Amino acid sequence: MANGFIHSFESMGLVDGPGIRSVVFLEGCKLRCKFCHNPDTWTKCGKIQMSPEELVKKLLRFKPYFDKSGGGVTFSGGDPLLQPEFLTESLKLCKEHGIHTCIDTAGVGFGDYDDILKHTDLVLYDVKHYTSDGYLWLTGCEMDKTFAFIDALKRNNTPIWVRHVVIPEITDSKSHIQGLRDYIKTLPNVKKVELLPYHLLGANKYKSMGLPYPLEGVPAMDKDVCKALQTEFFG
């Protein structure tokens, strides 16, 4: 079993799934989202390399917090689907130790997602956009790349929390959010929808990497406006 390429860890996360969670940020992503705040996770540079066994041993230290809070482990990134063998084995070991598992993904990997979802309790599914043109403009990738993952979600009846980034003048209109709500109705087993306000926390990373920031000049999304949209359309 190949080692995993890991960017970083968050030991006691509170926003990436239910309860207190350890978040494992894996390296690698096929998308180039204009609002990405982790461009340093796009490629596998091998910042940290661990075997699934080593990772789960590290995660088990926090199991008392998971058990008490209804939390667990979330695999994020980048996109965890870009390391399918490592992800599958890590999820399997987590389940063997009674740890709730979650993956945070845009659903664009290499296909054959059933083995992954077999050991996944929850998917945080990042809906980048719900139209093909909007998706291509925001991510640089065709929208149909994620359809195989949606089909796998349907086959496995995996619970989903949908996430969508709200960007001023781009995805913040009521007509856009209405269209998003209609699109979400086509997805299987959606338990929750989270509108996430666009922020500028990753802008400095682009500068340090010598990359132009795609949304230069776009302000951060007003959190109160985002919350109002959440309440109006999703309760």
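Predicted model: local features only at pLDDT ≥ 70, side-chain atom pairs only at ≥ 80, totals over all residues.
The expected span of a helix is 1.5 Å times one less than its number of residues.

**View 1. Helix α9 has the span expected for its length.** Helix α9 covers residues 223–234, which makes 12 residues. From its first C-alpha to its last it reaches 16 Å, close to the 16 Å expected at 1.5 Å a residue. At the start of α9, a side-chain oxygen of Asp222 comes to within 2.8 Å of the backbone nitrogen of Asp224. Gly235 follows the helix, with a positive phi near 80°.

View 2. Which residues of α9 are buried? They are Cys226, Leu229, Gln230 and Phe233. An α-helix has 3.6 residues a turn, so residues three or four places apart point the same way. The buried residues pack against three elements: β7 (160–166), α7 (174–184) and β8 (190–197). The helix lies across β7 and β8, running at about 155° to β8.

**View 3. Eight strands form an open, mixed sheet.** The strand order is β3-β1-β2-β4-β5-β6-β7-β8. At the edges are β3 (48–50) and β8, each of which pairs on one side only. The twist averages 30° from one strand to the next. Strands of a sheet pair through backbone hydrogen bonds, either parallel or antiparallel. Strand β2 (residues 21–26) and strand β4 (residues 72–76) run parallel, joined by 5 bridges. Within this part of the sheet, Val24 stands opposite Phe75 in β4.

**View 4. Asp126 is a buried residue of strand β6.** Strand β6 spans residues 122–126. Is Asp126 buried or exposed? Buried means under 20% relative accessible area. Asp126 has 17% relative accessibility, so it counts as buried. Leaving aside residues up to four places away in sequence, Asp126 touches Asp104, Thr105, Ala106 and Arg163. Asp126 and Val225 are 99 residues apart in sequence. In space, their C-alpha atoms are 20 Å apart.

**View 5. Helix α6 lies across β5, β6 and β7.** Helix α6 is made of residues 147–156 and runs at about 150° to β6. Its buried residues are Phe149, Ile150, Ala152 and Leu153. They cover an arc of only 160° around the axis, which puts them on the same side of α6. What covers these buried residues? The cover includes β5, α4 (114–117), β6, β7 and α7. Just after α6, Asn157 takes a positive phi of about 55°.

**View 6. Helix α5 lines up its buried residues on one face.** The helix spans residues 132–139, and its buried residues are Gly134, Tyr135, Leu138 and Thr139. Seen down the axis of α5, they fall within an arc of 105°, so they line one face of the helix.

Notes
Residues numbered from 1 in each chain as written. Heavy atoms only, no water. Helix = DSSP H or I, 4+ residues; strand = E, 2+ residues; numbered from the N terminus. Buried < 20%, exposed > 50% of the residue type's maximum accessible area, 1.4 Å probe, protein only. Contact = heavy atoms within 4.5 Å. Polar contact = N/O pair within 3.5 Å; in protein donor to acceptor, adjacent residues only side chain to side chain. Pairing = 2+ DSSP bridges. Axes fitted to C-alpha atoms, helices over the stretch in contact; angles between N-to-C directions. Arc of directions from axis to C-beta.
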